[in-house]
Structures are given as C-alpha cells and as structure tokens.
Amino acid sequence: RQKYNFLFENTFTKASGSVVPIYAIKILESNQSEIEKTKALKLMEWIVIVKRCVDNTGTAKKLSTFFNDWDETNEKICDYIIRKAKELNFWCTSYEIINHIAEKEVNNDIRTTLLTRIESISVKEPSVSKNKVTLQHVYPQKPQSNTQYDEVITSINRLGNLTLLSKSLNSSLQNKPFAEKKESYKGSCFEITRRLANYSKWTIEEIDETERFYAEQLNKYYKL
C-alpha cells in the first residue's frame with residue numbers, strides 16, 4: 001500500500017470514501033508484476049477521474065464491482081481494465097475530458113485533481129497534495145476591465161484557463177490582468193504556473209495551447 005501512496009492521496013480516497021477502495025485492493029492482491037500493478041492503478045485512477053467528471057452518481061458502488069468478471073488466468077489486467085471501462089462507458093481520452101470540462105459544469109475538485117496530477121507529471125514528483133493548492137483563473141472571473149480580450153470571457157472555466165497557486169497568492173492576484181499576474185507566476189512553486197509567464201498575452205490561442213500541453217502530459221502519464 002505505501003508504494004502506491006502517490007496514487008491514493010488525491011483520487012482514490014475521494015471516490016471510494018475509504019482508505020483503500022475494493023478495486024485497488026483487487027489489483028494489489030493480484031499475481032501481476034509490480035510494473036503491471038502500477039500501470040493498472042494508474043488506469044483505475046484515470047477511470048475514477050472520468051467517472052467523477054462525466055457522471056459522479058454512485059461512483060464508489062459501481063467501481064466496487066469493477067473486477068468481478070476478471071479472469072486473471074486468461075486476460076492481462078490492463079487489457080481487462082480498458083475493455084471493461086469501455087463497456088461501462090467509463091472511458092474517455094484526455095482531449096475528451098478537457099472538452100467535457102469546457103462544455104459542462106464540473107466541480108473544482110475534479111479540475112484540481114487533474115492539475116495537481118499534471119503538475120506532478122511535469123516535475124516528476126510522485127504526488128502534489130491538493131490540500132496545499134488552490135485554482136487560479138488566469139483570465140479572471142471578474143476582470144477589472146472587459147475592454148481587452150472579451151472573447152476569452154466564454155472560456156473562463158476551461159482547463160486551459162486554470163492553473164495552480166498557493167492560497168495566499170491566489171487571493172492577492174484574483175482579478176488582476178495577465179500582464180500583472182505573469183510577474184508573480186515567474187516565482188510560483190508550481191511548474192505549470194511558471195510556464196505561463198513565458199506568454200506575452202493571454203487569449204484564446206494561449207488557452208488552446210495550454211490545454212494541448214495538459215492533454216499531452218495526461219496521455220504520457222496514463223498511456224492513453
């Protein structure tokens with residue numbers, strides 16, 4: 001269990017309501033190699049994210065029976081997970097999830113889960129705790145002036161317009177324009193936030209590019 005704390009801290013416990021959910025125990029107690037177990041746990045983390053994002057009703061209950069049909073002697077665990085997830089409509093690509101977030105009302109916990117995982121991928125750290133971060137809207141929710149980049153207003157809640165900050169810094173920057181925010185972003189402790197300081201402006205194009213970066217990081221980590 002301790003080997004896989006980087007997976008349990010942010011995602012599994014939130015979905016299961018327990019320290020180690022049943023589907024994770026099934027993986028840990030299987031005869032699969034350590035490499036396959038890690039791959040399987042990552043895939044299940046992705047499925048939890050998809051399920052909570054698309055339809056969060058009864059997540060723990062539905063996932064508790066996820067491995068009931070698995071025959072370990074005849075099917076590799078990762079093959080089973082992908083096949084079963086598609087059967088249950090629990091499978092999406094990273095681009096589909098990011099588009100879903102742009103189009104639907106998704107709670108901030110999902111957004112934070114994705115961004116903390118992307119941050120941990122970017123800095124090659126096992127885990128970034130959600131308890132230490134807050135979401136920052138790069139283009140603010142209540143801009144001081146709407147005369148510039150009005151078209152960005154419709155994209156405020158897209159994942160590409162969100163990054164991570166410490167809670168104290170977030171409150172001080174909340175509604176400032178990007179030109180002022182980027183100076184603070186340079187000194188952020190988060191890699192995904194520091195990279196935003198490389199932009200000279202913040203428009204739809206930069207939001208699109210940031211979402212592509214996020215999707216690539218998720219694909220790399222989850223092997224999607």
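**Before you click**

This is a predicted model: local features need pLDDT of at least 70 and side-chain atom pairs count only at pLDDT 80 or more, while totals for chains, interfaces and linings use all residues. Residues are numbered from 1 along each chain as its sequence is written, and side-chain values use heavy atoms, with hydrogens and water left out.

**Stop 1: the whole chain**

Colour by secondary structure and you'll find 11 helices and two strands. Helices (H or I, at least four residues) and strands (E, at least two) are DSSP runs, numbered from the N terminus. Read from the N terminus, the order is α-α-α-α-α-α-α-β-β-α-α-α-α.

Of the protein's 224 residues, 50% count as buried. Here buried means under 20% relative accessible area, exposed means over 50%, and partly exposed is in between (1.4 Å probe, protein chains only). Take the contacts, meaning heavy atoms within 4.5 Å, between residues at least 6 apart in sequence: 67% of them join residues at least 24 apart.

**Stop 2: H3 against H6**

Select residues 34-54 for H3 and residues 94-103 for H6. Two packed helices are described by the angle between their axes and the distance between the axes. Axes are lines fitted to C-alpha atoms, for helices over the stretch in contact, and angles run from 0 to 180 degrees between N-to-C directions.

For H3 and H6, the angle is about 25° and the axes are 11 Å apart. That angle makes H3 roughly parallel to H6. The cut-offs are under 35 degrees for roughly parallel, over 145 for roughly antiparallel, 65 to 115 for roughly perpendicular, and oblique for the rest. The crossing of H3 past H6 is left-handed, a term for the near helix being turned anticlockwise from the far one by less than a right angle (clockwise would be right-handed).

Now show side chains. On H3, the contact uses Trp46, Val50, Cys53 and Val54, and on H6 it uses Ser94, Ile97, His100 and Ile101. Sorted by class, that's six nonpolar, two polar and no charged residues. Nonpolar covers Ala, Val, Leu, Ile, Met, Phe, Trp, Tyr, Cys and Pro; charged covers Asp, Glu, Lys and Arg; the others, Gly among them, are polar.

**Stop 3: zoom in on His100**

Leaving aside neighbours within four places in sequence, His100 touches Cys53, Val54 and Val106.

**Stop 4: H3 against H7**

The H3 and H7 axes come within 10 Å and cross at roughly 155°, which makes H3 roughly antiparallel to H7. Look for Glu45, Trp46, Ile49, Arg52 and Cys53 on H3, facing Asp109, Ile110, Thr113, Leu114 and Arg117 on H7. This contact splits into five nonpolar, one polar and four charged residues.

Stay on H7 for a moment. With 12 of its 15 residues buried, H7 is largely enclosed by the rest of the structure. Among the buried ones are Arg111, Arg117 and Glu119.

**Stop 5: H3 against H11**

Next, select residues 204-222, which is H11. The axes of H3 and H11 come within 9 Å and cross at roughly 140°, so H3 is oblique to H11. Lys42, Leu43, Glu45, Trp46 and Ile49 of H3 meet Leu218, Tyr221 and Tyr222 of H11. The tally is six nonpolar, no polar and two charged residues.

**Stop 6**

Pick Arg158, in the loop between strand E1 (134-137) and strand E2 (162-165). Arg158 is buried at 13% relative accessible area. Apart from neighbours within four places in sequence, Arg158 is in contact with Ala102, Ile204, Ile207, Asp208 and Glu211.

Then jump to Asn89, in the loop between H5 (77-87) and H6. Asn89 has a positive phi of about 60° although it is not a glycine, and it is exposed at 66% relative accessibility.

Finish at Lys223, in the segment after H11. Phi of Lys223 is positive too, near 60°, and Lys223 is exposed, with a relative accessible area of 66%.
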